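Subject: Structure handover, salt bridges

Hello,

Here is the structure for your files. My notes on its salt bridges follow below.

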Amino acid sequence: MSEFGETVVLKRGPYRDNRNNTITPLEDPVELNGCVVEPLGGAELAELGRTGSSNGFKVYVTGPMPRPVTGSDLLHVRGADYPVVMDGAGWMDPEDPFFGGTVITAIRGKG
């Protein structure tokens, strides 16, 4: 755990090439320190189009991103892997405009 927030691991997930073969990435996972992790509630998950049993997180990365985030990535949050459902987007703290970073939404579900 960092001085502020939590440590989350960003992993490249498998993707498909132009022949529809699954490719396992060779890139090493990246630790993102100082993240603010916000669990998503039921209403937020319904807005994202999930039904059944789902849980997920919004992860606010407070430092610079080591690489772009894509929809094929995975976030390792609180002991489990969650697929990224929205590419990283910029955010800014409304109370401190000099404090911001990237927000990533990741959800896993059943059903």
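Glu 6 is buried (under 20% relative accessible area; exposed is over 50%, partly exposed in between; 1.4 Å probe, protein chains only), with a value of 18%. Its side chain meets that of Arg 78 in a salt bridge, 2.7 Å from N to O. Here a salt bridge is a side-chain nitrogen of Lys or Arg within 4 Å of a carboxyl oxygen of Asp or Glu. Glu 6 belongs to strand E1 (residues 6–12) and Arg 78 to the loop between strands E6 (73–77) and E7 (80–93), so the contact ties together parts 72 residues apart in sequence. Strands (E, at least two residues) and helices (H or I, at least four) are DSSP runs numbered from the N terminus.

This is a predicted model: local features need pLDDT of at least 70, side-chain atom pairs count only at pLDDT 80 or more, and totals for chains, interfaces and linings use all residues. Residues are numbered from 1 along each chain as its sequence is written, and side-chain values use heavy atoms, without hydrogens and water.

The search of the whole structure gave six salt bridges. One of them joins Asp 81 and Lys 11 at 3.1 Å, N to O. That pair links strand E7 to strand E1, 70 residues apart. Asp 81 is partly exposed at 30%, and Lys 11 is partly exposed at 25%.

Glu 27 and Arg 67 also form a salt bridge, at 2.9 Å, N to O. Glu 27 is partly exposed at 40%, whereas Arg 67 is buried at 10%.

Regards
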